[in-house]
Amino acid sequence: MQGVGPPAERKGSTRSKACRSGLQFSATTRRAVARPHGLWHHSSVERPHVLEFIRHRDGVWNLPPDQLEGLRREFPSVAISSPRDQAGADRTLPVADIVLGWAVNPSNFAAASRLKWIQVTAAGVTPLLFPALVESDVVLTNGRGLHATAMAEHALGVILAFARKLHLARDAQRERRWAHLELWSDPPAFGELSGTTLGLVGLGSVGSATAERARALGMRVIAVRRRPASDPAPADEQWGPESLPRLLELSHWLVLAAPLTAETRRMIGPGEIARMRRDAVLINLGRGQLVDEAALAEALASGRIAGAGLDVFEDEPLPPESPLWGLPQAILTPHISGLGPRYWERAVDLFRQNLRRFLRGEPLVNVVDKRRGY
Ligand SMILES: NC(=O)c1ccc[n+]([C@@H]2O[C@H](COP(=O)([O-])OP(=O)(O)OC[C@H]3O[C@@H](n4cnc5c(N)ncnc54)[C@H](OP(=O)(O)O)[C@@H]3O)[C@@H](O)[C@H]2O)c1
């Protein structure tokens, strides 16, 4: 760790006092001042201090050490700390101008009195959307776009697996069974993607990458998003959220690629499932809480819809007692659709680009609308 130790004049909690009082911060404390999101000048920060804290319990989402060393070599004028654990992150937070990762939480945010910017490499930012952070002038940037290729290929992979019944063939393989007749004659029938309709909920970076690939396979692509554009590309049609019922009725494949927000939480419940085609397959890559999971498990078990490809769940890890584990018509993956061979390279490139912008006083890219939640 380098340069750790809070400057005396910033000890205490400028942030918490201002947040509690709801007052505007003064220009000298640089708190809740009105200014365009993501714009500073580096002269306000003598030697910017980055606190890197991308730590995950099973190590999957941890920043590789060589990437961190690369950043240190490339930005000698920036102090970069990389504490081992949350206690170390808590100690460093008072001197951090920038957090890369997940160091901040509701209980330590008040101590982050110098913090100006948080960059996370995930697209979903729900854990950081607590009131004090949302109300503050700390800019939050996310990893929108980093996962698009992997997730689009994952969506198409799952769709192809269902169309070709690959999951059922693998189940038979495990039992050393030549299921030739069974795979042909048992429902569901083999599918063909060309001519089927893909319904996308969310047409951001993941939805758009999925739409492009699906259209190349001859699928018709319709999408709902919060702010539909007049030009439907890369979908064939795009509509506002009020058209979700129409999209549900038309889609053979329903891919959820929306963020978890107040508007999208449990957007697919029993009523929405009842509108879906009986031969439809639901693929959730967004967040588990977009779907009423109990209602989905019931719909799958009763044959109300044909299948589900789930990468995200209400509780992760998915508890062993979940009925989803035992359903042959479900393909479950443990939140891995965003992973790919170039993930960290792209993530560090994004941070590098934003850090350069920060140092030049330019607006950052991938700024999250903290009130909207994405
Ligand atoms: N499984 C994983 O490993 C993994 C990895 C990365 C991301 N994700 C999830 O995937 C989500 C999408 O990622 P992304 O990079 O594509 O994000 P993004 O570029 O921000 O796109 C989000 C899309 O959702 C749309 N949306 C927002 N509210 C909506 C609503 N109420 N109804 C319908 N659409 C709505 C947005 O509409 P507008 O474009 O009109 O604003 C936008 O098109 C993330 O938020 C995250 O939850 C999961």
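Q: Why is Asn-142 called buried?
A: A residue counts as buried if 20 or more other C-beta atoms lie within 10 Å of its own, exposed if 12 or fewer, and partly exposed in between, with C-beta atoms placed from the backbone. Asn-142 has 21 C-beta neighbours inside 10 Å, so it's buried. One thing to keep in mind: this is a predicted model, where local features need pLDDT of at least 70, side-chain atom pairs count only at pLDDT 80 or more, and totals for chains, interfaces and linings use all residues. Residue numbers start from 1 along each chain as its sequence is written.

Q: What share of the 374 residues in the chain is buried?
A: Buried residues make up 40% of them.

Q: Where does Asn-142 sit?
A: Look in the loop between strand E5 (139-141) and helix H5 (148-164). Helices (H or I, at least four residues) and strands (E, at least two) are DSSP runs, numbered from the N terminus.

Q: Which residues is Asn-142 in contact with, leaving aside its neighbours within four places in sequence?
A: Contact takes two C-beta atoms, placed from the backbone, within 7 Å. Val-120, Ala-122, Ala-123, Val-125, Asn-366 and Val-368 make the list. Val-368 is 226 residues away from Asn-142 along the chain, yet their C-alpha atoms are separated by 6.5 Å.

Q: What makes strands E1 (residues 49-53) and E3 (residues 98-101) a pair?
A: Two strands pair if DSSP finds at least two bridges between them. E1 and E3 have four bridges, in the parallel sense. Within this pairing, Phe-53 has Gly-101 in E3 as its bridge partner.

Q: What is the strand order in the open sheet of five strands?
A: The order reads E2-E1-E3-E4-E5, with parallel pairing.

Q: Why do E2 (79-81) and E5 count as edge strands?
A: Each has a single partner strand, so one side of each is left without a neighbour in the sheet. From one strand to the next, the twist averages 20°. Angles run from 0 to 180 degrees between N-to-C directions, and axes are lines fitted to C-alpha atoms, for helices over the stretch in contact.

Q: Which strands does helix H12 (residues 343-360) lie across?
A: H12 lies across E3, strand E4 (117-119) and E5, and runs at about 165° to E4.
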